Amino acid sequence: MREVAFIKQNKEKWLSFEKAVFDNDFENPDELASQYIHLVNDLAYAQTYYPKSKIIVYLNQLAAKAFQKIYKTKREDTNRIISFWKTEVPLICYQYKTFIYIAFIIFFAFTFIGAISAANDGEFVRSVLGDDYVNMSIENIEAGNPVAVYKNGSNWGSFIGITINNLKVGIIAFVLGVFLGIGTLYIMFNNCIVIGSFQYFFYEKGVLWESVRGIWIHGAMEIFAIIIEAAAGLILGASILFPATHSRYTSFKIGAKTGIKILISTFPFTFAAGFLEGFITRYSNIMPHWLSVGIILITLSFISYYYLIYPFRVQKKITQTPIFNTTTI
């Protein structure tokens, strides 16, 4: 069968199913599972006969969304919290992976701008971080501990204060996405400029490695989580700009719901980063190099796997299951 004929033959069925999935408009779970089976079979057919077709992307996304609905309506005893992080969020991240990639590209671009600006303007770092902070950092560098600032305050006080601040940054980055994503870009720009100029400052002073060993103990998870939260904000903005087949209001509701789920998924990582900053980073200058580097690599690998690799594994597991057991629904 030609691809055009295949699409024409199934188009109405797919659009009807898509509307039912997004509106949760099913008379019973068995109907949802039955249509899901047909959808996955269509996807398998398309992958076989039209491997380079864009219709595969569409059917993949629709299958992922339908699987979430089925997964949530199972009658068997499941832990909702576990299934949220184990299945639902990874499927969302797979479906919206382009936004995550865009958020990373924007992060590196803005951070590079911050570093270049600091390299070409001797006063740029002071204008961004303030004279007091820069002077304090210089004193710490001269004293042999470039990241001594993280020793200020108690362990618990630092942990709580830092975590609350990071949660606020993430929530604001997402919420400001309602302004067509421009608000999210503004938050990213401000934070990335600080990161880029801050790291260049340490490079200029000849203590880049010492700063990396300290800052990125908590920064690996903290910054990664902010990037994911920014992706959620971009999804929210795109839902308003590009409603596709939905009304703009319906598209906005879908974008908001999706973005909130992604935002919530970052909270454990934000708490973990706050704990590391409050209790571990302050000892970076006296701990063995292998330990600080090990913490950075482990935390970065864990959060990278969850958001960048694990979603593909979950999606692959779904698409390789052509028959869904409706008796468990």
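Biologist: Is C93 buried or exposed in this model?

Modeller: The model is predicted, so the value is computed from it. A residue counts as buried when its relative accessible area is under 20%. C93 has 2% relative accessibility, so C93 is buried.

Biologist: What is the relative accessible area of C192?

Modeller: C192 also has a value of 2%, and C192 is therefore buried.

Biologist: How many disulfides does the structure hold?

Modeller: A disulfide is a covalent bond between the sulfur atoms of two cysteines. This structure holds 0 disulfides.

Biologist: How many cavities of 30 Å³ or more are there?

Modeller: A cavity is a space where a probe fits but cannot get out. Here there are 3 cavities of 30 Å³ or more. The largest cavity holds about 50 Å³ of space.

Biologist: Which residues line the largest cavity?

Modeller: The lining is made up of F107, M188, N191, C192, I195, I223, I226 and I227. Two elements, α9 and α10 (208–241), each give two or more residues to this lining. With 4 residues, α9 gives the most.

Biologist: Which residues form a nonpolar patch on the surface?

Modeller: The patch consists of V178, F179, L180, I182, L241 and F242. Together these residues have about 600 Å² of accessible area.

Biologist: Where is I182 placed, and in which helix?

Modeller: I182 lies in helix α9, which covers residues 182–204.

Biologist: Why is I182 called exposed?

Modeller: Exposed means over 50% relative accessible area. I182 has a relative accessible area of 57%, so I182 is exposed.

Conventions. Residues are numbered from 1 along each chain as its sequence is written. This is a predicted model: local features need pLDDT of at least 70, side-chain atom pairs count only at pLDDT 80 or more; totals for chains, interfaces and linings use all residues. Side-chain values use heavy atoms; hydrogens and water are left out. Patches are made of residues with over 30% relative accessible area and no salt bridge: like charges are joined within 9 Å, nonpolar side chains (Val, Leu, Ile, Met, Phe, Trp, Tyr) within 5 Å. Accessible areas come from the Shrake-Rupley method with a 1.4 Å probe; for residues, only the protein chains shown count as cover. A salt bridge is a side-chain nitrogen of Lys or Arg within 4 Å of a carboxyl oxygen of Asp or Glu. Buried means under 20% relative accessible area, exposed over 50%, partly exposed in between (1.4 Å probe, protein chains only). A disulfide is a pair of cysteine sulfur atoms within 2.5 Å. On a 1 Å grid over the protein atoms alone, a cavity is a set of points where a 1.4 Å probe fits but cannot get out, and a pocket is an open set with protein on both sides within 12 Å along at least five of seven lines; lining residues have an atom within 4 Å of a point. Grid points are joined across faces, edges and corners, and a volume is the space filled by probe spheres set on the points.
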